[in-house]
Amino acid sequence: MARAQGARAQMALAYETVYGTPPVSGFRLMPFARATLGSEQPLLESELLGYGRDPLAPIKDAVTADGEVVIPIDVEAFGFWLKAAFGQPTTTGTTPKTHTFQSGNWTLPSMAIETAMPEVPRFAMYSGCVLDQLSWQMQRSGLLTATARLVAQGETIAAATAAGTPTALGLQRFGHFNGTVKRNGTALGNVVSAEITYSNNLDRIETIRGDGRIDGADPTMAALTGRIEVRFSDSTLVTQAIDGSPCELEFVYSLGANASFTFTAHAVYLPIPRIEIAGPQGVQASFDWQAAKAASPARMCTAVLINTFAGY
């Protein structure tokens with residue numbers, strides 16, 4: 001008897017033309033490290049009396065389909081998740097191509113995602129997947145990954161794939177070594193770590209349906225937050241926090257002229273931190289920052305992915 005193993009699992013992704021309806025073709029094979037994407041339908045215990053001490057049979061409740069996918073930040077495949085987070089990019093150039101994603105779009109694309117365990121076999125198609133949150137960390141070493149939190153409409157289980165033969169993408173990963181942090185266009189020194197979280201704050205449309213699924217997931221007010229941990233060497237960031245003025249933060253990864261990823265928060269506000277002396281070692285300060293819509297450009301953030309891929 002075959003047993004499912006994560007080593008053989010695959011994930012295929014395609015954008016939907018109609019929300020909740022997976023396309024019949026166009027799936028891409030997506031790299032991923034972990035996935036909790038799934039559907040569950042809890043049971044409600046019977047509250048009825050008069051039938052003795054033993055309870056009556058439970059009834060089914062509404063369906064909830066959501067979860068997280070841990071993905072590498074790479075040169076090509078990461079663009080599909082950026083499109084899910086921000087909407088259709090503006091693409092310019094030939095070789096390389098510059099894909100510019102901007103915050104503030106009212107409409108986000110939905111995706112169909114199939115996770116495959118071929119040895120069982122079990123092919124789970126999640127339709128109506130909308131990205132709720134995208135987050136990642138910057139640090140000195142380790143594997144560079146991002147976490148995409150998804151809200152889906154439902155799950156369909158089959159013994160054969162509905163994604164056909166997904167098209168594989170070229171995998172070229174960025175590493176923490178390739179990352180830098182800039183403040184107002186200048187490299188920010190003494191940064192120990194950084195966290196970035198972009199949220200669409202989806203509103204699930206929980207209407208009455210015969211199948212127990214949601215009708216959709218609409219984006220509400222977006223949020224861009226994070227944290228930077230720095231060695232305390234000067235008062236530049238503290239002074240900015242006291243003044244209440246914003247700065248621009250850039251988080252940049254580069255593998256050369258044809259492969260780079262730049263995420264820019266255009267108006268970042270810093271809180272006044274607590275500066276603690278924890279012992280004889282170096283003193284560090286943490287800033288839990290928040291971003292807002294800037295005066296110029298008139299948006300909160302921009303993501304620019306440079307590669308030779310044209311399929312977003």
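Student: Is Cys247 buried or exposed?
Tutor: Its relative accessibility comes to 3%. Buried means under 20% relative accessible area, exposed over 50% and partly exposed in between, using a 1.4 Å probe and protein chains only. So Cys247 counts as buried.

Student: What should I know about the model itself?
Tutor: It's a predicted model, where local features need pLDDT of at least 70 and side-chain atom pairs need 80 or more, while totals for chains, interfaces and linings use all residues. Residues are numbered from 1 along each chain as its sequence is written, and side-chain values use heavy atoms, leaving out hydrogens and water.

Student: How many disulfides does the count come to?
Tutor: A disulfide is a pair of cysteine sulfur atoms within 2.5 Å. The closest cysteine sulfur to that of Cys247 belongs to Cys301, and at 14 Å it's too far for a bond. Cys301 is in no disulfide either, as its nearest cysteine sulfur is the one in Cys247. The count comes to zero.

**Rings**

Student: How many aromatic pairs are there?
Tutor: Take the rings of Phe, Tyr and Trp (its six-membered ring) and pair them if their centres lie within 6.5 Å; planes under 30 degrees apart are stacked, over 60 edge-to-face and the rest tilted. By this rule the count comes to 14.

Student: Which kind of aromatic pair do Phe80 and Tyr312 form?
Tutor: Their centres are 5.2 Å apart, so let's look at the angle, which is 75 degrees between the planes, over the 60-degree limit. That makes the pair edge-to-face.

Student: How many residues apart are Phe80 and Tyr312?
Tutor: Phe80 is in helix H1 (residues 78-86), and Tyr312 is in the segment after strand E24 (301-307). Helices (H or I, at least four residues) and strands (E, at least two) are DSSP runs numbered from the N terminus. The pair links distant parts of the chain, 232 residues apart.

Student: Which kind of pair do the rings of Trp136 and Phe261 form?
Tutor: The centres lie 6.0 Å apart and the planes meet at 55 degrees, so the pair is tilted.
Trp136 lies in strand E11 (residues 122-138) and Phe261 in strand E22 (residues 260-269), so parts that are 125 residues apart in sequence are tied together. Both residues are buried. To answer you in one word, the pair is tilted.

Student: Which ring does Lys83 lie over?
Tutor: A charge sits over a ring if NZ of Lys or CZ of Arg is within 6 Å of the ring centre and within 35 degrees of the ring normal. Lys83 is at 4.0 Å from the ring centre, over the face of Tyr15.

**The whole chain**

Student: How many strands does the chain have?
Tutor: The C-alpha trace spans about 70 × 55 × 40 Å along its principal axes. Buried residues make up 43% of the 312 residues. The secondary structure has two helices, and its strands number 24.

Student: How far apart are the C-alpha atoms of Val181 and Thr167?
Tutor: Val181 is found in strand E15 (residues 179-183). Along the chain, Val181 and Thr167 are 14 residues apart. Their C-alpha atoms are separated by 34 Å.
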